[in-house]
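Biologist: Please take a close look at one part of this structure, the aromatic rings and how they pair.

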Amino acid sequence: MKDRDDIKRIIRIRGAMYLGAVLFGIAPVAAGVAAGMRSPYFIPVFCAYVIAAFVHLARNAAAEECSYYNGSARGYTLGLPPFYFLFIFPSFYLVASLFSNELVRNILLAVCFVICSVLYVLKLRIPKLGIKGLIILTVIKAVAVTAYIIIRYSVIQ
């Protein structure tokens, strides 16, 4: 019975890694392209971002497996979790949308990708929030984005 639990755990860890590779490596690049980052000089930025996300996911999957076999539970991730990109990118996008110059907007979005790439591979110990923490973080971000949109379209224009 122990072997079956080990196999299920490994499948869950690796499945999360593969899903994370698509959701947090490739989908943000698609969001960047949709936001207007279509010039060829963004290709290195996107490549660095995807590689950093993959390194982060692989490193944390390996650490999770090691902690399982050591009998300990990790309460943190190494580096910024790629999920946080969903909270960081809209803020950069909304600030970038204030500028009429397309080059300035794209540079701000590229800075977002570079900052996230660096934070993914740094050995920061970021505590795992759990479901309650993620819900609270999502509500705070939704309120902030809504307030920004209201201010942007009612006060600025």
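Modeller: Buried means under 20% relative accessible area, exposed means over 50%, and partly exposed lies in between, with a 1.4 Å probe and protein chains only. This is a predicted model, in which local features need pLDDT of at least 70 and side-chain atom pairs count only at pLDDT 80 or more, while totals for chains, interfaces and linings use all residues. Residues are numbered from 1 along each chain as its sequence is written, and side-chain values use heavy atoms, with hydrogens and water left out.

Rings of Phe, Tyr and Trp (its six-membered ring) pair if their centres lie within 6.5 Å; planes under 30 degrees apart count as stacked, over 60 as edge-to-face and the rest as tilted. By this rule there are 10 aromatic pairs. One of them joins Phe46 and Phe113 edge-to-face, at 5.3 Å centre to centre and with 75° between the planes. Phe46 belongs to helix α2 (residues 43–70) and Phe113 to helix α4, so this pair ties together parts 67 residues apart in sequence. Helices here are DSSP runs (H or I, at least four residues), as strands are (E, at least two), numbered from the N terminus. Both Phe46 and Phe113 are buried.

Phe85 and Phe89 form a stacked pair, because their ring centres are 5.2 Å apart and their planes are at 20°. These two residues sit four residues apart in helix α3 (residues 85–96), so about one helical turn separates them. Phe85 is buried at 3% relative accessible area, and Phe89 is buried at 9%.
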